[in-house]
Every structure is written in C-alpha cells, then in structure tokens.
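Please look over the structure below with this briefing beside it.

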Amino acid sequence: MYKVTLIPGDGIGPEVTQAAQRCIDATGVKIEWEQVLAGAEALKKDKELLPQATLSSIKKNKIALKGPVVTPIGEGFRSVNVAIRQLFNLYACLRPCKWYPGVRSRYQDIDLVVIRENTEDLYAGIEFEQGKKQTHGILEKINQISAKKISPDSALSIKPISITGTKRIIRFAFEYALANNRKRLTCVHKANIMKFTDGLFLKVAREIAEEYSGKIEFDDRLIDNMCLQLVKNPQEYDCLVLPNLYGDIISDLCAGLIGGLGLAPGANIGDEIAIFEATHGSAPKYKGRNKVNPTAMILSGVMLLRHIGEAQAADRLEQAVCAVIKEGKHVTYDFKEKQDQHTAIGTSQMAGAIIERLR
Ligand code: NAD
C-alpha cells in the first residue's frame with residue numbers, strides 16, 4: 001500500500017484530479033490517498049495558501065498528485081506552485097509531449113520531452129519593486145559598477161543561474177535520457193546575449209555532456225531558433241533541457257504541438273520528493289462544468305505509477321488512454337473537430353471510458 005498526497009487544487013483541479021485518482025485506483029495498485037488543500041481553496045478554508053498540514057503531508061508521503069492552483073497576475077501572493085517547488089527542492093520539471101493517434105493536431109508522431117530547471121532563473125522570485133528605497137539602493141550600486149546604466153525608475157527581477165543548479169538539472173536530463181532509451185539531448189539557451197547566466201548553463205551542460213559522449217547525442221539551440229525549429233520540424237527533436245523561464249514557455253508550445261494543454265502531463269521531481277501535475281492551469285471558466293479533458297492529469301498519474309515502480313500498471317493505464325483517444329467516441333470537447341460538438345462527453349465520463357478499458 002502506497003500513501004500519496006492528493007491536492008485537488010483550484011478551478012478545474014478537483015474534476016481532473018478526481019478523474020486521475022479513479023483511473024489510478026482502477027489499475028489495482030493500492031494507494032491510500034491523503035487529501036489536503038492548497039491555493040484559493042485553502043485560503044478560503046484555512047486562511048492560508050499553503051497550510052502546514054499540506055506541507056507535512058507532502059514531506060511525509062514524498063509523492064503527491066496535484067491539481068492546478070491559481071496565481072493572480074501582478075498584485076497579491078506569489079505563486080504557490082513556485083513556492084512548493086522551491087520548498088521541496090523539486091529541481092526538475094519533466095514534461096513529456098507525445099502525440100497519440102486520434103488526436104487532431106497540425107503535427108503527428110511527436111514524442112518530445114521537455115526538462116525544465118525548476119528553482120532558479122527569473123522564476124527564483126527575487127524581485128525589487130519600482131520606487132522602493134531598497135530598489136533605489138540596488139540601482140545606485142549597479143550604476144556605480146556597471147558601464148551600462150539602468151534607469152532610476154526601474155523595477156528589477158534577478159536571474160540567478162548557478163553551477164550547482166545547472167549541474168543537477170543537466171545530469172538529471174542525461175540520466176532520464178539514458179533510462180528511457182532516448183537518443184539526443186538539446187540544451188536550449190540565449191547564451192549569445194546573456195553570456196554570464198545562460199552562458200554558464202551552456203558551459204556546464206557541455207562539460208557534463210562529455211561524460212555521456214557515445215551514449216547520448218548532445219547539441220544546443222538558441223531559444224528563439226528553438227521556437228522556429230519546433231514549429232517547423234518538431235519530429236526532429238527528442239529531449240530538451242532548459243532554464244526555468246524558457247522551459248515554462250516551451251512547455252506550452254510543445255503542448256500545442258500535440259493537441260493542446262489537455263494532453264500534456266508533468267512532474268516536479270527532487271532527490272526525495274516528487275509531485276505530479278498537468279502542465280495546464282486551473283482554467284477558471286470551465287470550473288465545475290465537467291467539460292475539460294482529464295488526459296493530462298491521468299497521464300501525470302501514469303508518470304506517478306512509473307515513478308513508484310509500478311511500470312506494468314503505468315503501461316496498462318497509458319494503453320487504456322491511448323485506446324479511448326484512438327476510438328474517439330468517449331472523449332471531451334477538445335478532441336472534436338468543432339469544439340461545440342454535441343457528441344463530446346464530460347471529464348468524468350471520459351475517465352469512466354478509460355476505466356472500462358482497464359477491466
Ligand atoms: P490554463 O492552462 O488554466 O487555461 C488556458 C486554456 O487552456 C483554457 O482556457 C482552456 O481553453 C485550455 N485548457 C486548459 N486545461 C485544459 C484541459 N484540461 N482540457 C481542455 N482545455 C484546457 O491557463 P491560464 O488561463 O493562463 O491560467 C489560469 C490559472 O491557472 C492562473 O491563475 C494561473 O496562474 C494558474 N496556473 C496554475 C498552474 C499550476 O498550478 N501548475 C499552471 C499554469 C497556470
């Protein structure tokens with residue numbers, strides 16, 4: 001019996017996590033789910049975005065299935081998601097983007113893996129607000145030592161990239177590639193402009209690549225060129241490793257290549273703890289409508305099963321998802337040619353069809 005923390009999350013979170021939980025249970029793997037809150041729901045109930053009980057549960061169980069949690073733009077709290085990743089040192093964000101037969105998409109036969117650094121870069125959350133005394137002090141110091149001057153009415157976001165942080169994500173990416181019979185790893189960066197930060201990321205990646213020479217092919221691309229290449233020839237790429245911000249953006253681009261956010265699963269992995277969650281957010285306009293695609297969350301469940309060593313159950317669940325998508329009958333609106341097609345079924349019913357295939 002495994003013990004897994006379950007965070008339903010906000011918006012469509014409860015619907016998709018429940019669908020995934022039912023599918024995982026239907027594989028026969030015995031899991032005791034410990035349900036806790038985070039985000040807007042937790043704020044309503046416990047007056048805290050990230051209650052201690054939630055943190056303790058993740059720390060104790062070491063595995064969690066998490067629904068999306070809202071992050072308001074601009075004012076208000078910083079991202080709960082980023083806080084969870086940083087608190088538990090979940091430094092690797094793993095996002096496989098695979099096209100399944102039956103999915104309507106501009107592209108077919110795509111099988112990409114995005115490996116995003118999860119703790120550093122502009123996402124480190126080190127920001128200085130415009131107009132604050134502290135910000136003026138920092139701007140003054142920078143302007144004293146830098147040949148290029150920053151306007152005194154600026155706000156600042158810091159982009160830390162370390163040797164330690166880069167080494168562990170690059171190693172993780174190579175080890176993932178080896179363990180999953182992948183052939184090639186592409187490091188994505190903007191080292192021609194950000195010579196010291198992205199430059200360091202690339203330098204460390206090149207050094208570590210030498211250790212894997214002959215086992216995994218290694219190359220690199222500038223982030224702007226990578227976007228062009230992915231739109232033109234996505235089938236040519238295999239595993240991508242990126243600093244945090246580019247990884248975030250490319251994840252959505254790759255989800256678009258395989259049919260949309262409803263199909264893109266993910267995991268945040270550290271040395272001890274792993275949290276499985278879809279790439280998509282809480283899609284508030286669909287909240288409570290039993291409408292959205294549960295596939296991304298169910299495939300995150302497939303990743304969870306693989307992670308705990310239940311590879312057979314994971315394969316069976318992935319095959320069941322695959323079969324339902326291929327048949328194209330018991331699927332949500334986003335699989336249909338016209339999104340308002342009345343033949344589309346609900347989130348819960350699609351999970352039910354997948355469970356039927358597992359019987
Ligand atoms: P979103 O991913 O929630 O939704 C964008 C659009 O994608 C939706 O309107 C919908 O058309 C489509 N979509 C998303 N999930 C789908 C699904 N399962 N099936 C079918 N279609 C789906 O992105 P957003 O609107 O930018 O963000 C909404 C909120 O979610 C924000 O508060 C954001 O901060 C948060 N968010 C949370 C996470 C997380 O918890 N990991 C990730 C991303 C965004």
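The protein is divided into domain 1 (1-98 + 263-359), domain 2 (106-120 + 161-257) and domain 3 (123-158), with bounds that come from an automatic or database domain assignment. Between domain 2 and domain 3, the C-alpha centres lie 30 Å apart. This is a predicted model, in which local features need pLDDT of at least 70 and side-chain atom pairs count only at pLDDT 80 or more, while totals for chains, interfaces and linings use all residues. Residues are numbered from 1 along each chain as its sequence is written, and side-chain values use heavy atoms, with hydrogens and water left out.

**Strand E5**
- Strand E5 (residues 111-117) is largely enclosed by the rest of the structure, because 6 of its 7 residues are buried (under 20% relative accessible area, 1.4 Å probe, protein chains only); strands are DSSP runs of at least two residues, numbered from the N terminus.
- Strand E4 (residues 92-98) runs antiparallel to E5 and is joined to it by 7 bridges, where pairing requires at least two DSSP bridges; Cys93 has Arg116 in E5 as its bridge partner.
- With strand E10 (residues 239-242), E5 pairs in the parallel sense over 4 bridges, and Val113 has Cys239 as its partner there.

**Ligand contacts**
- Polar contacts (N or O atom pairs within 3.5 Å) include a side-chain atom of Glu277 at 3.2 Å from a ligand nitrogen and a backbone atom of Ser282 at 3.0 Å from a ligand oxygen.
- A polar side-chain atom of Tyr333 lies 3.4 Å from a nitrogen atom of the ligand.

Conventions
Buried means under 20% relative accessible area, exposed over 50%, partly exposed in between (1.4 Å probe, protein chains only). A polar contact is a pair of N or O atoms within 3.5 Å; within protein, one must be able to donate a hydrogen and the other to accept it, and residues adjacent in sequence count only if both atoms are side-chain atoms.
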